[in-house]
Amino acid sequence: MELLVEGKGTLQGEVEISTSKNAILPILIAALLSEEEVCIHRVPEINDVEIVKKLLKNLGASVSKSQGQLSVKSFISNIFPDYELVRQIRASLLLMGPILATRKTVKISLPGGCAIGTRPIDLHLKGFEALGARIKLSGGNVIAQARELQGNHIYLDFPSVGATENLMMAAALAQGTTFIENAALEPEVVDLANFINRMGGSIHRAGSNLIKIEGRKRLHGCTYTPIPDRIEAGTYMVAAAATGGNLLINNVIPEHVKATSAKLVESGAKVEERDKSIRVERLGPIKPIYIKTLPYPGFPTDMQAQFMAYLSHTSGSSVITESVFENRFMHAQELMRMGANIKIEGRTAIVKGVGCLGGAQVKATDLRAGAALLIAGLMAEGTTCIANSHHIDRGYENIVEKLNGAGAKIHRG
Ligand code: EPZ
């Protein structure tokens with residue numbers, strides 16, 4: 001599947017942000033913690049949600065959708081999720097927590113290599129062992145078994161989002177109290193904690209680096225609306241600045257995009273925060289800036305590719321350091337095909353601004369790289385053809401319609 005992007009598109013008008021991919025994926029999986037019905041509202045039409053729906057059904061849950069809301073009634077009859085589904089998304093790793101917590105045994109294939117570096121699961125497994133599980137690796141699968149899960153004090157060597165979420169779900173039904181120290185602070189972790197508490201869980205201080213979870217015997221059903229997608233919002237904010245446009249982005253929590261707003265202002269754009277929306281405008285030249293990706297509330301790694309595209313068109317050199325993943329510069333090659341001048345040295349990219357990018361044939365290597373190429377295509381002279389655009393559809397609901405509604409000219413090839 002390809003996207004054809006006409007260059008020199010200036011974004012004006014408004015876009016509406018959808019529900020957060022990285023909030024709804026763990027929340028749908030956490031529905032497995034109860035056998036009662038859970039109803040999630042404002043479910044986005046994105047491929048990753050479709051895969052998680054298939055995974056839930058593969059485990060024995062019934063999943064039904066009507067008018068943008070998803071009902072999940074789960075009874076886990078299968079503890080070995082289907083490999084063909086698991087290998088498609090890293091988030092399938094999060095199935096371990098609920099299956100271990102409810103069935104005391106789970107077997108799952110080790111996550112495949114990912115375009116953004118090897119992403120080990122040692123912190124997840126260490127945490128499960130601390131809760132009393134025995135871990136075995138065999139035939140490309142990991143098996144975790146526990147007679148009972150016992151609360152414990154877990155220290156995470158790195159504030160891993162997935163490990164924090166996985167362990168929070170397992171601890172929610174463990175005996176006793178669990179502390180997760182050096183926990184991830186991301187808003188999606190807080191949203192998952194709020195959802196589990198809505199199910200009758202007892203999770204305290206999510207959003208701090210010491211989360212306390214008091215295990216419960218069972219959890220009940222509930223209805224819930226996850227938070228808006230801060231990375232989708234950030235992507236449209238950068239696209240507006242990159243095209244010299246003036247765009248109102250609706251359904252945003254400004255607090256969640258503070259780092260993106262700050263870096264856009266530093267680069268010369270105007271950012272106006274309102275209660276649930278943000279207006280981004282750029283009139284003057286884009287100024288070069290320094291970016292270092294960090295765990296939340298630092299600059300998000302999921303916004304790094306989009307800023308690299310934006311900064312390839314400045315009057316000087318910007319420096320981008322990717323400290324979260326070891327191989328998240330795949331988009332640089334593709335941007336260079338469009339005339340960008342980027343030098344990669346280990347985890348640092350030096351982006352020397354060029355007068356203008358030129359449309360070209362390029363390839364999306366992952367979700368955020370695809371978004372970066374879309375932004376570059378809107379900035380460039382001429383037409384850009386983005387191959388493997390299915391990556392973009394994994395996490396951006398109706399992105400072509402939303403951008404075209406704001407003045408872009410993009411169509412699916
Ligand atoms: C989540 O991935 C997000 N995905 C990612 O978004 C995001 O980039 C990442 O958090 C960081 O913010 C979802 O929420 C579905 P991590 P996750 O565990 O949980 C290392 C997107 O584009 N690590 O915080 O996999 C790991 O290798 C995606 O929407 C270990 O070493 O991220 C990485 O270097 C991409 N051992 C770092 O921690 C472990 O056991 C951060 O990973 C786990 C992680």
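This is a predicted model: local features need pLDDT of at least 70, side-chain atom pairs count only at pLDDT 80 or more; totals for chains, interfaces and linings use all residues.

Q: OK, and which residues of helix 5 are buried?
A: In helix 5 (residues 122-130) they are Leu123, His124, Leu125, Gly127 and Phe128. Buried means under 20% relative accessible area, exposed over 50%, partly exposed in between (1.4 Å probe, protein chains only).

Q: What do they pack against?
A: Among the partners are helix 4 (96-103), strand 7 (134-138) and helix 6 (161-171). Contact means heavy atoms within 4.5 Å.

Q: How do helix 5 and helix 6 cross?
A: Their axes come within 9 Å and cross at roughly 25°. Axes are lines fitted to C-alpha atoms, for helices over the stretch in contact, and angles run from 0 to 180 degrees between N-to-C directions. Helix 5 and helix 6 are therefore roughly parallel to each other, a label for angles under 35 degrees.

Q: Which residues meet there?
A: Leu123, His124, Gly127 and Phe128 in helix 5 meet Gly162, Ala163, Asn166, Leu167 and Ala170 in helix 6.

Q: Switching to the sheet, what's the strand order?
A: The order is 2-14-16-15, in an open sheet of four strands with mixed pairing. Two strands pair if DSSP finds at least two bridges between them. Strand 2 (12-16) and strand 15 (270-273) are at the edges with a single partner strand each, so one side of each has no neighbour in the sheet. The twist averages 15° from one strand to the next.

Q: In what sense do strand 14 and strand 16 pair?
A: Antiparallel, over five bridges. Asparagine 250 has serine 277 in strand 16 as its bridge partner.

Q: Which strands does helix 8 lie across?
A: Helix 8 (residues 230-242) lies across strand 2, strand 14 and strand 16, at about 170° to strand 14.

Q: Last one: is proline 226 buried or exposed?
A: Proline 226 is buried, with a relative accessible area of 6%. Its place is in the loop between strand 13 (222-224) and helix 8. Proline 226 touches residues including Thr19, Ile40 and Asp191.

Conventions: Residues are numbered from 1 along each chain as its sequence is written. Side-chain values use heavy atoms; hydrogens and water are left out. Helices (H or I, at least four residues) and strands (E, at least two) are DSSP runs, numbered from the N terminus. Angles under 35 degrees count as roughly parallel, over 145 as roughly antiparallel, 65 to 115 as roughly perpendicular and the rest as oblique. Lists of a residue's contacts leave out its neighbours within four places in sequence.
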